[in-house]
Amino acid sequence: MNISGILVTALPEHVAEVAQSLSGLPGLEVSQTDVASGKLVVVQEAASVGAEVESFKRMRALPHVMAVDLVQHYFEHDNELIGAIPDELNGLEGIRVPTELQD
């Protein structure tokens with residue numbers, strides 16, 4: 001499970017419309033809005049990194065959305081992400097794959 005904190009920037013006059021559109025997308029919850037700045041704080045839950053990326057694409061494609069920025073990301077045990085870590089990283093000085101990500 002991936003949980004992300006996302007900052008969405010919209011045109012201020014369309015914040016309510018963007019909030020409603022975001023709330024209609026699966027796995028997204030709009031937790032706070034600031035109309036004056038056009039900022040929306042969104043929490044996203046996704047099954048994998050791939051699903052998370054697809055959700056970002058959907059958010060960016062919404063009308064009146066100017067930017068979608070990842071602020072915080074947490075993942076439990078994502079086999080897709082773990083599988084993408086090259087074995088060679090363990091041999092580089094100063095770089096190591098954390099124990100909890102190793103099989």
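Helices, in this report, are DSSP runs of H or I with at least four residues, numbered from the N terminus. The model described here is predicted.

**The sheet and its helices**

Four strands make up an open sheet, arranged in the order β2-β3-β1-β4 with antiparallel pairing. Strands β2 (28-34) and β4 (65-75) stand at the edges; each has a single partner strand, so one side of each lacks a neighbour in the sheet. On average, and with direction ignored, neighbouring strands are turned by 20° against each other.

Two helices pack on this sheet. Helix α1 (residues 15-23) touches β1, β2, β3 (39-46) and β4, and its direction makes about 165° with that of β2. Helix α2 (residues 49-60) also packs on the sheet, with contacts to β1, β2, β3 and β4, and its direction makes about 160° with that of β4.

**S4 in strand β1**

Strand β1 spans residues 2-10 and includes S4. The antiparallel pairing of β1 with β4 runs over nine bridges, and the bridge partner of S4 in β4 is H73. Is S4 buried or exposed? Because its relative accessibility is 2%, under the 20% limit, S4 counts as buried. Leaving out residues up to four places away in sequence, S4 touches V42, V43, Q44, E52, L70, Q72 and H73.

**A salt bridge within helix α2**

A search of the whole structure finds one salt bridge. The side chains of K57 and E54 meet in it, at 3.2 Å from N to O. Both residues lie in helix α2, three residues apart, which is about one turn of the helix. In general, side chains of opposite charge can pair when their charged atoms come close. The accessibility of the two partners is set out below.

| Residue | Relative accessibility | Class |
|---|---|---|
| K57 | 48% | partly exposed |
| E54 | 38% | partly exposed |

**The nonpolar core**

The largest nonpolar core has 17 residues, of which V8, L22, L40 and M59 touch the most other members. The elements that give two or more residues to this core are β1, α1, β2, β3, α2 and β4. Helix α1 gives the most, with four residues. In soluble globular proteins, nonpolar side chains tend to be buried together.

Key: Residues are numbered from 1 along each chain as its sequence is written. This is a predicted model: local features need pLDDT of at least 70, side-chain atom pairs count only at pLDDT 80 or more; totals for chains, interfaces and linings use all residues. Side-chain values use heavy atoms; hydrogens and water are left out. Buried means under 20% relative accessible area, exposed over 50%, partly exposed in between (1.4 Å probe, protein chains only). Contact means heavy atoms within 4.5 Å. Two strands pair if DSSP finds at least two bridges between them. Axes are lines fitted to C-alpha atoms, for helices over the stretch in contact, and angles run from 0 to 180 degrees between N-to-C directions. A salt bridge is a side-chain nitrogen of Lys or Arg within 4 Å of a carboxyl oxygen of Asp or Glu. A nonpolar core is a set of buried Ala, Val, Leu, Ile, Met, Phe, Trp, Tyr and Cys residues joined through side-chain atoms within 4.5 Å.
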